[in-house]
There are 2 protein chains.
Amino acid sequence: MNRRSGIESKKRILDAAMVVFSRQGYAKANIREIAKVAGISVGGVYLYFKNKEELYLSFIKDGMNDMMRKTEMIVESHRSPIRALYDFLKVHINSAIKHRELILVHVRELGFTFALEHKRQYMRNQLRLVEKIIDRGIRTGEFRRCNVKEVAKIIMGTVRSVMLSMAMDKDVIVTTKGLHDLILNGLLRNNNQLADNRR
Amino acid sequence: MNRRSGIESKKRILDAAMVVFSRQGYAKANIREIAKVAGISVGGVYLYFKNKEELYLSFIKDGMNDMMRKTEMIVESHRSPIRALYDFLKVHINSAIKHRELILVHVRELGFTFALEHKRQYMRNQLRLVEKIIDRGIRTGEFRRCNVKEVAKIIMGTVRSVMLSMAMDKDVIVTTKGLHDLILNGLLRNNNQLADNRR
DNA sequence: TCTATACCTGAACGTCTGTTCATGTGAATT
DNA sequence: AATTCACATGAACAGACGTTCAGGTATAGA
């Protein structure tokens, strides 16, 4: 027998779940394999998690909470909206590099009814943060007047999918600077190009 | 017995596959249900498709081919890059409205090894089209000089995720015009706002 | 040493899955 | 009427899955 503290076992299982779920997706992943990767018996998994669903939810939530904390801090603490946007983008791009697997799981399991509400809530919150940045930018005069809700959706969409592209394909690397620049200045030629000298 | 032409049966099965795969994802979807929705027996499905995998591939490919045809036409035929970009965005947004389910399947099954190569190929092709538009725009002087490959990735990413947002949530509606405008002009205030008078 | 507690095991159960196949049937052809 | 052929069926098979549970073992305290 392999003796460990309960806390360590639970952590092991969560780590293993991350590996297996991201490799296989929820439906294809199976408890036997998660147990094997964790170095624990099948029954052992059920000591710490009621069932497969709860295990899945548990580690999905961890990731979302972490991101919420980081991004909220940025939006609350920063003065310049341009800089806040930059940092907001940076957190997401860094997370894409660091947690490729987690992102793939997120996206892949979009349709799951039982995790859906949490994910929607998370997306709504992130959207709210972007709206906040844009609102402030318009008030300070740095950003142009626009349909805040629509623009926020587009930006948040861009961020999500840049993350996805990077998670899917290791060779795809989008720099925070490049993304920030495009969002601020657009494609057209005769726009000002001062954005990277962040004020 | 329910007698039909082979062609009609095959079409029925493909339609049913679309419904069931998009509701459940590949792994969770099962042949019995696809058969039921198609109004055909379980064995009947195997008359037209070697196995579940081939059935899945078959209908995924149909959708991708359709999009490739439409977008290629736009990029080849148009003179103004600004207009080409607009039409390119429009095709994608319209497709998001029309084929919500298909998009969800696409995204959800990202990790499947057997469909992966086709999807990657599709994404590469779409990327090439965007690069073509940008390249031409820079040559005509309409677009500013930029890292074409990176910008294309970001734009393509934006498009994908706007589609995804709309597929996930019926209430999310991003207009082609809004997206086009943001891509061209960015967020900053003192940029020119002439893009919507498409030349 | 004994006992209580926390941790762990993996065979066994019931259910669901993709796939096969022996069999059947309507319609066209002879 | 007999034959042929394309289309159709669903019970049966083999394997995989989530979950349970009767039992096992290391450790700490008495």
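Predicted model: local features only at pLDDT ≥ 70, side-chain atom pairs only at ≥ 80, totals over all residues.
**View 1. Helix H1 of chain B falls short of its straight-line span.** Residues 6-28 make up this helix, 23 residues in total. A straight helix would reach 33 Å at 1.5 Å a residue, yet the end C-alpha atoms here are only 27 Å apart. Look along H1(B) for a kink of about 80 degrees, centred on Ser22(B). Ser22(B) is also one of the buried residues of H1(B), which include Ile13(B), Leu14(B), Val20(B), Phe21(B), Gly25(B) and Tyr26(B).

**View 2. Phe21(B) sits in the largest nonpolar core.** That core has 135 residues, and Phe21(A) and Phe21(B) are those with the most contacts inside it. Beyond its neighbours within four places in sequence, Phe21(B) is in contact with Tyr26(B), Ala29(B), Ile34(B), Lys52(B), Leu55(B), Tyr56(B), Phe59(B), Val105(B) and Arg108(B).

**View 3. Lys119(B) meets Tyr56(B) through a polar contact.** Lys119(B) belongs to helix H7 of chain B, which covers residues 113-140. Its relative accessibility is 6%, so Lys119(B) counts as buried. The side chains of Lys119(B) and Tyr56(B) are joined at 3.3 Å; Tyr56(B) is also among the contacts of Phe21(B) shown in the previous view.

**View 4. Cys146 is partly exposed in chain A and in chain B.** The relative accessible area of Cys146(A) is 24%, while Cys146(B) comes to 23%. If you are wondering about disulfides, the count over all chains is 0.

Terms used:
Residues numbered from 1 in each chain as written. Chains lettered and ligands numbered in written order. Heavy atoms only, no water. Disulfide = S-S within 2.5 Å. Buried < 20%, exposed > 50% of the residue type's maximum accessible area, 1.4 Å probe, protein only. Core = buried A, V, L, I, M, F, W, Y, C linked by side-chain atoms within 4.5 Å. Contact = heavy atoms within 4.5 Å. Helix = DSSP H or I, 4+ residues; strand = E, 2+ residues; numbered from the N terminus. Expected span 1.5 Å × (residues − 1). Bend = angle between axes of the 7 residues up to and from the residue. Polar contact = N/O pair within 3.5 Å; in protein donor to acceptor, adjacent residues only side chain to side chain.
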